[in-house]
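Here are some notes to read with the model open beside you. Please follow along with the numbered points.

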Amino acid sequence: MRAVVQRVLSASVTVDSETVSQISRGLMVLVGIGVDDNASDIEILTKKILSLKIFSNSSGNMWKASVKDVQGEILCVSQFTLMANTSKGNKPDFHRAMSADQSRPLYASFLQYMGTQYSPEKIKDGRFGAMMNVSLTNEGPVTFTLDSRKFEYITSPTPTQVVAQSSGPLARGLDKASESKTPDTAPHSNPTE
């Protein structure tokens, strides 16, 4: 299960020119459900969303308060496109996304569980399966990608390692650019030599 979580001042969902849901300060959460997701994924992702320290506390210190701490609202929108595989070609492959018939009850369980872990009246929803227009004012901007499974890079390669592992035209251009740069602390050579 995957989520894109955005800290917002406000957010709303419109379907056929009708506002079906809206929130003030809180979180806008786009939720993608994978083919093998289950109740365990719901619990893990819900805990992450509700516990993430992305707000300022009452003293104004950033990264000290969760959405629950600030009594913020949460607007969730089901979005199967988060499960797309775009590694081959230009057309997204959605085979990793659970079908609508199967994901509808799982998504409903996600919303219900989040309500039991927080406050049901603070949890809002778009309209499952509908063509929605989502509007929001991202505060910061602050946006995170969460996953109920491992979804982080193992190591952070240096730019030199990235260039060394690549062989395309961009990598060759980056490699030449890094070779031609002279550190600011090094003496500059005389161009006539």
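Which residues have the most contacts inside the largest nonpolar core? First, some ground rules: this is a predicted model, in which local features need pLDDT of at least 70 and side-chain atom pairs count only at pLDDT 80 or more, while totals for chains, interfaces and linings use all residues. Residues are numbered from 1 along each chain as its sequence is written, and side-chain values use heavy atoms, with hydrogens and water left out.

1. The main core. The residues with the most contacts inside the largest nonpolar core are Leu27, Val29, Ile49, Ile74 and Phe110, and this core has 28 residues. A nonpolar core here is a set of buried Ala, Val, Leu, Ile, Met, Phe, Trp, Tyr and Cys residues joined through side-chain atoms within 4.5 Å. Buried means under 20% relative accessible area, exposed over 50%, and partly exposed in between (1.4 Å probe, protein chains only).

2. Who supplies it. At least two residues of this core come from each of β1 (2–15), β3 (26–32), α1 (39–51), β4 (73–78), α2 (100–117) and β6 (133–147). With five residues, α2 gives the most to this core. Helices (H or I, at least four residues) and strands (E, at least two) are DSSP runs, numbered from the N terminus.

3. Leu27 and the second core. Not counting residues up to four places away in sequence, Leu27 touches Val5, Gln6, Arg7, Val8, Ile49, Ile54, Phe55, Val67, Glu73, Ile74 and Leu75; a contact is heavy atoms within 4.5 Å. There is also a second, separate core of twelve residues, which includes Met28, Leu75, Val77 and Leu82.

4. The overall build. The protein chain has four helices and six strands, and its elements run β-β-β-α-β-α-β-β-α-α from the N terminus on. Of its 193 residues, 35% are buried. Among contacts between residues at least 6 apart in sequence, 71% join residues at least 24 apart.

5. Strand β1. Eleven bridges join β1 to β6 in the antiparallel sense, with Arg2 opposite Asp147 in β6. β1 and β3 are also antiparallel, over seven bridges, and Val8 has Gly26 in β3 as its bridge partner. Two strands count as paired if DSSP finds at least two bridges between them.

6. Five bridges join β1 to the antiparallel strand β2 (residues 18–23). Ser12 has Gln22 in β2 as its bridge partner, and Val15 stands opposite Glu18 in β2. Two residues lie between the strands of this hairpin, where Asp16 takes a positive phi near 50°.

7. The largest pocket. Its volume is about 360 Å³. Of the 19 residues that line the largest pocket, Ser78, Gln79, Phe80, Ala130 and Met132 are the closest to its centre. β3, β4 and α2 each supply at least two lining residues, and β3 gives the most, with three. A pocket is an open set of points on a 1 Å grid over the protein atoms alone, where a 1.4 Å probe fits, with protein on both sides within 12 Å along at least five of seven lines; lining residues have an atom within 4 Å of a point. Grid points are joined across faces, edges and corners, and a volume is the space filled by probe spheres set on the points.
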